[in-house]
Amino acid sequence: MYSSTLGRIFLWLIRPFSFVLAMKFMLPKIDRNRIKRIFPSQNPILWLVVLISLLLSGCVKYDVGLNFNNSNSGQLVQHIKLGEQLTSFSGDYVYEWLNSIERRANKLEGKAQRISPEEIIVTIPFSSGVELQEKFNQFFNSRANQPSEPVQNGSDSELPKIESNVILEQNNFLLVVKNRLIYDLDLRSLSLISNKGNVLANAGSILDLEFTLNTPWGAKNLPQTETAIEPEKNGNQLLWKLKTGELNHIEAVFWLPSPLGIGAFLIILFVWGGFYLRYNFMPDPRIQFSAKAPATQQQ
């Protein structure tokens with residue numbers, strides 16, 4: 001099998017337009033023998049994907065963001081916008097995909113705002129690092145992302161298997177919490193390969209994928225692996241442009257205020273302030289009560 005599952009998806013999408021296979025006969029000025037060495041005639045999916053890559057350039061914009069307010073409050077936000085080219089090929093299919101995203105968001109106590117039939121913004125709240133990991137990994141589970149009806153094409157009916165996993169390590173220092181975010185996204189299944197196993201193209205021209213991290217005090221990127229991506233910094237936001245056909249690794253450290261720690265500190269400060277004022281700026285109650293006792297006895 002020489003094509004990626006992304007090619008299978010688009011093959012299904014444009015199956016009614018089988019005339020695109022005649023593309024080989026639309027290039028008379030190119031050496032056909034050379035073409036056959038790159039794109040074997042028995043593998044038409046590669047032809048289809050290359051053509052679609054030209055027609056559907058930038059047809060899917062998928063932004064994923066983590067917004068932290070403090071250590072106990074944040075939102076997972078997704079902004080998905082589909083191009084007119086993609087919806088014109090198979091509108092029912094992609095609309096059902098957006099509907100499935102809405103349903104999964106509702107199951108995770110989130111909400112979906114439909115900007116237009118082709119654009120949606122999903123917001124899923126979380127109150128701790130553990131809850132973020134559970135909701136994030138559950139939402140982006142590869143099985144959950146598959147459409148309700150599989151593509152009927154024998155062994156080619158499976159959709160791309162994309163592994164997505166996020167880990168958030170937290171260390172509490174009473175007033176602040178140190179956070180270490182590790183995100184691994186395997187998009188190698190979106191590569192298109194040739195007969196010899198060499199990468200021929202990827203879905204970068206079709207998919208525009210971004211991951212953002214928004215924190216109150218900013219974050220520091222940790223490029224500790226070869227697959228780490230260098231982010232763009234805009235104020236307190238870090239933005240990573242994900243690479244299709246590759247293993248993406250993101251690692252960052254940031255600090256967040258701890259509402260519980262700050263609340264406990266304020267309570268302790270308030271109690272201590274009360275004692276301090278009572279015994280330093282007001283008469284000692286023991287002296288006051290002892291002075292009143294003799295006066296009462298004399299009467």
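Which residues form one aromatic cluster? Phe-136, Phe-139, Phe-140, Tyr-183, Phe-211 and Trp-240 do. This is a predicted model, in which local features need pLDDT of at least 70 and side-chain atom pairs count only at pLDDT 80 or more, while totals for chains, interfaces and linings use all residues. Residues are numbered from 1 along each chain as its sequence is written, and side-chain values use heavy atoms, with hydrogens and water left out.

Start with the whole protein. Its secondary structure comes to 8 helices and 13 strands. Both are DSSP runs, numbered from the N terminus: helices are H or I with at least four residues, strands are E with at least two. The protein has 299 residues, and 40% of them count as buried. Buried means under 20% relative accessible area, exposed means over 50%, and partly exposed lies in between, with a 1.4 Å probe and protein chains only. Now take the contacts with a separation of 6 or more: residues 24 or more positions apart account for 65% of them. A contact here means heavy atoms within 4.5 Å.

Two strands pair if DSSP finds at least two bridges between them.

Move on to β1 and β2. They form a hairpin with 2 residues between them. Their pairing is antiparallel and runs over 10 bridges. Strand β2 also runs antiparallel to β4, joined by 8 bridges. Ile-80 shows both links. Tyr-62 stands opposite Ile-80 in β2, and in β4 the bridge partner of Ile-80 is Ile-120.

In a regular strand the side chains alternate between the two faces of the sheet. Strand β2 has a covered face with Gly-74, Leu-76, Gln-78, Ile-80 and Leu-82. Its uncovered face holds Ser-73, Gln-75, Val-77, His-79 and Lys-81.

What about the core? In soluble globular proteins, nonpolar side chains tend to be buried together. A nonpolar core is a set of buried Ala, Val, Leu, Ile, Met, Phe, Trp, Tyr and Cys residues joined through side-chain atoms within 4.5 Å. The largest one has 44 residues. Leu-66, Phe-68, Phe-136, Phe-211 and Leu-213 touch the most other members. Leaving aside neighbours within four places in sequence, Phe-211 is in contact with residues including Val-64, Leu-66, Phe-136, Tyr-183 and Trp-240.

Now back to the aromatic rings. Rings of Phe, Tyr and Trp (its six-membered ring) pair if their centres lie within 6.5 Å; planes under 30 degrees apart count as stacked, over 60 as edge-to-face and the rest as tilted. By this rule the count comes to 9 aromatic pairs. One of them joins Phe-136 and Tyr-183: the centres are 5.3 Å apart and the planes stand at 85°, so the pair is edge-to-face. This pair links distant parts of the chain, with Phe-136 in helix α6 and Tyr-183 in strand β6, 47 residues apart. Phe-136 is buried, at a relative accessible area of 0%. Tyr-183 is buried too, at 3%.

Finally, the loops. Ser-258 is found between β13 (247–257) and α7 (259–280). Is Ser-258 buried or exposed? Its relative accessibility is 3%, so Ser-258 counts as buried. A polar atom of its side chain lies 3.2 Å from the backbone nitrogen of Gly-261. Leaving aside neighbours within four places in sequence, Ser-258 is in contact with residues including Ser-71, Asn-172 and Leu-174. Leu-174 itself sits in the loop between β5 (163–173) and β6 (176–186). Its phi is near 70°, a positive value in a residue other than glycine. Glu-109, in the loop between α5 (91–107) and β3, also has a positive phi, near 65°. At 60% relative accessibility, Glu-109 counts as exposed.

Methods. A polar contact is a pair of N or O atoms within 3.5 Å; within protein, one must be able to donate a hydrogen and the other to accept it, and residues adjacent in sequence count only if both atoms are side-chain atoms.
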